[in-house]
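Visitor: Hi, I'm new to this one. Could you show it to me and walk me through it?

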Amino acid sequence: MKLKSSISLVFGTALLVFANPAMAKDPSPKKLMEMAAGCAYVVAIAENSNVELNYGSAEWMGIVQILEERTGMDGAKAIQLAKAKYNKRARIMGADEARTHMLNRARDCDREMAVIQS
């Protein structure tokens, strides 16, 4: 990945946080990492479920890696936390409903990546 495109990805991700009212109060690197790791996880699940998306988990992992480099945060830990969050959701909501939610979230992440890439 070129440096210029990686920088634009990070800034694009930051713009998404500012555009999202729920996250607008705390656009911290931690929130950026949570969002990117969550998207990397759910998009990987969607790919394994043969859901067609324009952007794959590799693009989200690229953002996670950029954030790791720039902030020193642990991307693998962030992805494990995202996985734990969805496993908890599956226990509470049931596996089918949680899976549907994950696939819908993957589609949301796909739209978010389109904004980041533009």
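This is a predicted model: local features need pLDDT of at least 70, side-chain atom pairs count only at pLDDT 80 or more; totals for chains, interfaces and linings use all residues.

Visitor: Let's start at glutamate 34. Is glutamate 34 buried, exposed or partly exposed?

Guide: Glutamate 34 counts as partly exposed, because its relative accessibility is 39%. The cut-offs, with a 1.4 Å probe and protein chains only, are under 20% relative accessible area for buried, over 50% for exposed, and partly exposed in between. Glutamate 34 sits in helix H2. Helices here are DSSP runs of H or I with at least four residues, strands are E runs of at least two, and the numbering goes from the N terminus.

Visitor: Fine. How many helices and strands are there in the protein chain?

Guide: The protein chain has five helices and zero strands. Along the sequence that reads as α-α-α-α-α.

Visitor: And what percentage of the residues count as buried?

Guide: It's 39% of the 118 residues in the protein chain.

Visitor: What about contacts between residues 24 or more positions apart, what share do they have?

Guide: Taking contacts in the protein chain with a separation of 6 or more, 68% are between residues 24 or more positions apart. Contact means heavy atoms within 4.5 Å.

Visitor: Which residues have the most contacts inside the largest nonpolar core?

Guide: Those are Val42, Trp60 and Ile63, in a core of 26 residues. A nonpolar core is a set of buried Ala, Val, Leu, Ile, Met, Phe, Trp, Tyr and Cys residues joined through side-chain atoms within 4.5 Å.

Visitor: Which elements give two or more residues to this core?

Guide: H2, helix H3 (57-71), H4 and H5 do. H2 provides the largest share of this core, with 11 residues. In soluble globular proteins, nonpolar side chains tend to be buried together.

Visitor: Switching topic: how many disulfides are there?

Guide: There is one disulfide in the structure. It joins cysteine 39 and cysteine 109, with the sulfur atoms 2.1 Å apart. Cysteine sulfurs count as a disulfide when they are within 2.5 Å.

Visitor: Where do cysteine 39 and cysteine 109 lie?

Guide: Cysteine 39 is in helix H2 (residues 29-48) and cysteine 109 is in helix H5, so the pair ties together parts 70 residues apart in sequence. Both cysteine 39 and cysteine 109 are buried. Their link is left-handed, with -75° about the S-S bond.

Visitor: At what angle do H4 and H5 pack?

Guide: Helix H4 (residues 75-93) and helix H5 (residues 95-117) pack at about 140°, and their axes are 7 Å apart. Axes are lines fitted to C-alpha atoms, for helices over the stretch in contact, and the angles run from 0 to 180 degrees between N-to-C directions. H4 and H5 are therefore oblique to each other: under 35 degrees counts as roughly parallel, over 145 as roughly antiparallel, 65 to 115 as roughly perpendicular, and the rest as oblique.

Visitor: Which residues of H4 meet H5?

Guide: From H4 they are Tyr86, Arg89, Ala90 and Met93, which meet Ala95, Glu97, Ala98, His101, Met102 and Arg105 in H5.

Visitor: Back to H2. What does glutamate 47 touch?

Guide: Leaving out residues up to four places away in sequence, glutamate 47 touches Gly56 and Ser57. Glutamate 47 is in helix H2 and is partly exposed, at 34% relative accessibility.

Visitor: Is serine 57 buried or exposed?

Guide: Serine 57 is buried, with a relative accessible area of 15%. Serine 57 belongs to helix H3.

Visitor: Last one: where is asparagine 50?

Guide: Asparagine 50 is in the loop between H2 and H3. Asparagine 50 is exposed, at 69% relative accessible area, and has a phi near 60°, a positive value in a residue other than glycine.

Notes
Residues are numbered from 1 along each chain as its sequence is written. Side-chain values use heavy atoms; hydrogens and water are left out.
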